[in-house]
Amino acid sequence: MKLVLKCVENDLESFNSENQILALNYVANMANGEMAEALGEQVLRLLFSGEATNSVKQSAVLCLLRLFRLKPDIISKKEYADRITSFLTDPDLGVLTASLSLIEALASANKLNQDNCFHSVVHRLHRIMKYPSLDLQDYNYYFVQAPWLSVKLLKLLQYLPFPVEPSSTKSYLMETIELIFNKAHEPPKTKKIEHRNCRNAVMFEAINYIYHVNTEYSLQMRACNILDMNLKQNDSNLRYLALETMQLLTKSAVCSDRIKQQLKPITDSLKYENDICIRQKAANLLYSLCDRSNIIEVIEQMFEYLEDCDMIVKEEVVLKIAVLAENYFCDLKCYIDVILKLLKFYGEYVTKAVWYRFIQLVTNNKDLRGYAAKTLFDALQTQPYYDTFVAVAAYVLGEFGNLIAGDERSNPNIQLRLLHSNFAFCSKETKAILLTTYIKFFNLFPEIKENVQLVFLSNMKDSDPEIQQRAVEYSKLCEVVNRDRLAAILDEMPCFKNKIFSVETALQNLMTKFTEISFGKQFKNDKKEDSLERSISYNEAIQHYSISKPTDNDAFPVRSLTVPQNAYMPNNYYDTLVEVFSSDNHTYSRPGSQSASTLIVTSNEEAVQNLVWHQNGVLYESNILLIYVESDFQKYRGSIRLKYKNKTFQVMESFVSFFPNDNDHNKLQLRTKPNSTTIPANEEITQDVEVECIQDFTCRPALYLNFFCEGLHQRLDLQLPVTLNKFIEPITLTYDQFFTKWNSLQHCKEYSSTFPAKYIMNKELLRTKLNGLGLSILENIDKNLDNFVCAGIFYSQSLPVGILLRLECNFPNFMYRLTIRSIKETVSEEILKLSQLLL
């Protein structure tokens, strides 16, 4: 490796440009961390040298991009970033295009002077659009001036903050976008398809930027008008892109209202379009536009689409219809009618999540029970009989069939006959539900007891052991249990405890089978797994965070959602809850070196991340020891109680906890009392810790444990979740107060980052996490209802620091943009890092 590095260095220092380019290309393709550290400075010097040719500069920029992705610290000096930004004015197309890729990577890592970069990007884009004859004259592609360069410039703008105050740069930007839209209306200068593709690429990227900014009303309306026109064009690709972009714009309240006025072109695309991809896009757009005012029309269109859509998407369409019916019908009887239609005619595509939720709603609403039983009974009298439909009918009639038994047309004998007429054609799971329904009938209706017992007897020798066992047990239950006890056993099931089931989650999981997502070029190289798209409409429809979902082995709806504390722990780790505690001012000697029989845990990072936004929880758990935390923080002081529980039948001896007081140069002060050095079998001891914040910090305090258990020396090296946000108190600001403080912080460095979401993008969960950071969510500040604006004050023994945060949620692309301002840069940077851990 040293010989290779020496040869590359010699080529880079040579005066032969061909040798330099070959060396740069080799590094760009073969570089590793060691090469990035060794050659980073030399590539930078070559890039900024006045003797480098344009070809060498282009190769150097691309090589530097590769090295930056391997080792971001190689561009740490501010002057380097500023000089790279200056390439935006370079007259050479190759250098400019390559530089844009590097600048985009720097912008996503927040290593640029954003104001200077925004100014340079806008002026270069304005010059290309308004004065094409003066800029890049040799790059005119089918009568479109520098189309791909314009697209890259518009993409880069999305990483830079939009100016709040009026300025000449802002005026140039608005004029540039107007020029792009005006060119979209111009007659084509050639019939070549390349001309249309280039022009449309720039136009759609401009619309994406308008959606990202979400402030200029006139441009938003202009974009909607252009999309309406494109929807009526003959070009199928253009219609597809128009529908896709409309779906993106529905996340803006202003654009959504405008698009809802033009439902007819969308429904026409759903009905008459030959291209199945366009029809699917139209269905997705209708789903995202649905509200209480147009629910009936949208449901009708979705059912028409369901009749002849592609088989692979039928299950997804069924889920979407179920979500819309529940969320937007004011009368739940309409919801029952819609689900019944799905069960009756599309039962093979109705998933368990849908009919579990249906049963849950019927069970929890007494006014619906009779109506549901009656409609299902009526539907049983005609074909078709899908297996799912029979299962749901059996469950509901078994629970609430007595409510309609008084009617001679639906007496118990007829209910039993209708249900049992389908028994031979059902799956074993549905047969099991039917047998349970029959034993319910046995308890409710004395007049059909003999018929029910005959059914049980006929199934005692069934070839399936599950059916056979149920028939035998139910038959014996009828014989040996007295009437009162049987009534208690077979009493009506209680209401479900949880309020929301997992239909939306099922929709999300299903959609991940079909639709891939690209988070942007800067994330593609970092992904180690395929990332899957979340639908716009799913994110809009979902209102609650579901903590459980039905599994394929469930035979009945789950009656309780009590989740074991370690049910969602990955493998052997314990990343649920944890809190804050730290060192003390008692002097302990640091535990000695490990022995061959020592168990060492050196990281509980995942557990700490979960406890960043929780107050209490599990810090560590194994088969021998459980550490639980309870904490309370007020301004710059906090109190923590650690509970150590011995899970074994042996005494833990020589139990010593050690809090090193060297984190962040004593920016945290921790005080604790000595705890017992012995933990009896199956018992716990507690330890109280007091925490005081001297000034802002980044390093989390550590906890070292040493003890002997079952004759073995055990040692744990853990992190404590004492993070900066624990010392933040929420504050409430009005609209005027917020923007006054926001503008007053313009002279401070603004920290912002654009990144993909790591967890489900759910509004209620996001609210909980932001509140867990110690911030208050300010309502009616941001015009985009999907965004969050927050405020808080960080307290320490020094001066308090005000914090303002804006979180922009891009649900269609499953991404966030986070912006933080405060008077202290280190506080802003740390809150940015903590927020990214949770999102």
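The chat below walks through some features of a predicted model, from its strands to its salt bridges and surface patches.

Q: Before we start, what kind of model is this, and how are residues numbered?
A: This is a predicted model, in which local features need pLDDT of at least 70 and side-chain atom pairs count only at pLDDT 80 or more, while totals for chains, interfaces and linings use all residues. Residues are numbered from 1 along each chain as its sequence is written, and side-chain values use heavy atoms, with hydrogens and water left out.

Q: OK, strands first: which strand does strand 4 join through a hairpin?
A: Strand 4, residues 617-621, is joined to strand 5, residues 625-634, by a hairpin of three residues. Helices (H or I, at least four residues) and strands (E, at least two) are DSSP runs, numbered from the N terminus. The two strands run antiparallel and are joined by four bridges, where pairing requires that DSSP finds at least two bridges between two strands. As an example, glycine 617 has valine 629 in strand 5 as its bridge partner.

Q: And is strand 4 mostly covered or exposed?
A: Strand 4 is mostly covered, since five of its five residues are buried. Buried means under 20% relative accessible area, exposed means over 50%, and partly exposed lies in between, using a 1.4 Å probe and protein chains only.

Q: Then what about alanine 146?
A: Alanine 146 also is not a glycine, and its phi is positive at about 45°. Alanine 146 sits in the loop between strand 2 (144-145) and helix 8 (147-157), and it counts as buried at 0% relative accessibility.

Q: Which peptide bond is cis?
A: The bond from glutamine 383 to proline 384 is cis, with omega near 0°, and proline 384 lies in the loop between helix 20 (366-379) and helix 21 (387-400).

Q: Switching topic: how many salt bridges does the structure hold?
A: The structure holds 33 salt bridges, each being a side-chain nitrogen of Lys or Arg within 4 Å of a carboxyl oxygen of Asp or Glu. One of them is between aspartate 696 and lysine 824, at 2.7 Å from N to O. This pair links distant parts of the chain, 128 residues apart, with aspartate 696 in the loop between strand 9 (684-693) and strand 10 (702-709), and lysine 824 in the loop between strand 17 (815-822) and helix 33 (825-838). Aspartate 696 is buried at 7% relative accessible area, whereas lysine 824 is partly exposed at 30%.

Q: Which residues form a network of salt bridges?
A: Lys374, Asp378, Asp407 and Arg409 are linked in such a network. Within it, arginine 409 and aspartate 407 have their closest N and O atoms 3.0 Å apart; arginine 409 is exposed at 60% relative accessibility, and aspartate 407 is partly exposed at 25%.

Q: Last one: which glutamates gather in a patch on the surface?
A: Glu297, Glu300, Glu304 and Glu307 gather in a surface patch of negative charge. Patches are made of residues with over 30% relative accessible area and no salt bridge, with like charges joined within 9 Å and nonpolar side chains (Val, Leu, Ile, Met, Phe, Trp, Tyr) within 5 Å. Among the four, glutamate 304 belongs to helix 16 (residues 295-308) and is partly exposed, at 40% relative accessible area.

Methods:
Accessible areas come from the Shrake-Rupley method with a 1.4 Å probe; for residues, only the protein chains shown count as cover. Lys and Arg count as positive and Asp and Glu as negative; His and the chain ends are not counted. The place of a charge is taken as NZ of Lys, CZ of Arg, CG of Asp or CD of Glu.
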